Amino acid sequence: MNEYPLSLVEKLSFVRYGGTLEEARAAQILLDELACAGGRGELMEFEVEAPVPGACEFSALAPCARTVPAIPYGMSGELDGAELNLYYAARGVEEDFAGMDDLSGTAVLLNALTLDAYKELVKRRAAAFITISGKYYDTPETASMYPRNLRPRFREEGVIPGLAICASDVTELLRCETSRVRLTLRQGETTRLSRNVLAVVPGAERPDESIVLTAHYDSVPLGTGSWDNATGAAALCAIYRYFVSHPARRTLRFVWCGSEEQGLLGSKAYIAQQEALIDQIKFCFNFDMCGTILGPNHIVVTGGDDLKHFIEQFCREQGYSAEFDVNVHSSDSAPFCDRGIPALGLSRETRTAEIHTRRDLMPPLGNRQLRENVDFAVRLIDRVANSVRMPVPCGMPDEMKEKLDKYFRRK
């Protein structure tokens, strides 16, 4: 069996966080693959915000004194040894803050940093927020703690300094009823270059109608990002190898997106820079996490009933077993769907592997399973790209528009 897809996954399996030299190295690997396939790719650069690391310190003061390892939220401001009350808001909702209108002297501990919880903190002028990583038995290393940025949508509400600590440390802090802490967070802000890798296979008969195919190739700052998403990037390369030799009726636009893990920045930048093409794009296929040995195939349908019925029928025809989810795919297809472009997100999932941790490695992946995902995708793309009429029209039903509004935190 052709070992190509999995061998490329292995080649891409190193930390390649958006805006770093390692991401640039991965982009060059992809460009070389496209050239070897007889095609040609190009880079599309865009800027990403990046913190300049400084000090990040967490010390419990009372009743038990201890120092706890902490990691910062980039772009969240600074604290200079602030001594604060510590308050645990289990749900981060209004009821957790009854009678607490002024949190200017308080650091709030949250189980999860949701936008609603953050708005509550801004409204009450919280001095800092703290999130929890890992399980009660984890160390900071096994909890796969890594720096994250405070997303722009949150910063629109106001900037609150934030950091994260390990769940095992949080458990002990609350067990001894820690009430006072000292926090230090020093950091700067800069911008760096990230990049998308683009390739086009012109349509043989309808070059002015396009289908966009996306997969992100960046990773989080730890692990090798083999499953998430070297597999999707490699699958897209294998698909490109087929279509560069078998052009379809419609134009195929391949986009390997950078900086997806920082908030879909690559796909958003593509739309911003290629605005003139958006009306030509009639369909989107996205590949995010494929090829696990265990687990079912999974297809996310972002569109209406007609799209769901189409893909269900195609899977029956092909004998392809897959779970279906009619929803917004939390990946690079979402910004295209937000412009009314229907999309299918193709992946293969398993509960026996991990993403966004140092354990996202090669062992859970299999070449046969990755090839099956690729071969099915080629047949599906061929069906859509060569159809006399598009299987479904552009546009989103009202229910999906509401889901997109919630996903992009407009509601």
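The accessible surface of this chain comes to about 17,600 Å², by the Shrake-Rupley method with a 1.4 Å probe, and carbon and sulfur atoms account for 48% of that area. Please keep in mind that this is a predicted model, where local features need pLDDT of at least 70, side-chain atom pairs count only at pLDDT 80 or more, and totals for chains, interfaces and linings use all residues. Residues are numbered from 1 along each chain as its sequence is written, and side-chain values use heavy atoms, leaving out hydrogens and water.

On to overall shape. A compact globule of 411 residues would have a radius of gyration near 22 Å, and the chain agrees with its 23 Å; that is over C-alpha atoms, with the rule being 2.2 Å times the number of residues to the power 0.38. The C-alpha box, along the principal axes, is roughly 70 × 40 × 40 Å.

Now let's look inside. Of the 411 residues, 55% are buried, meaning under 20% relative accessible area with a 1.4 Å probe, protein chains only.

Which residues have the most contacts inside the largest nonpolar core? They are Trp256, Phe285 and Phe287, in a core of 64 residues. A core here is a set of buried Ala, Val, Leu, Ile, Met, Phe, Trp, Tyr and Cys residues joined through side-chain atoms within 4.5 Å. Helix H6, residues 226–245, gives this core its largest share, 11 residues; helices are DSSP runs of H or I, at least four residues, numbered from the N terminus. Apart from this core lies another, of 25 residues, including Met44 and Phe408.

Terms used. Buried < 20%, exposed > 50% of the residue type's maximum accessible area, 1.4 Å probe, protein only. Helix = DSSP H or I, 4+ residues; strand = E, 2+ residues; numbered from the N terminus.
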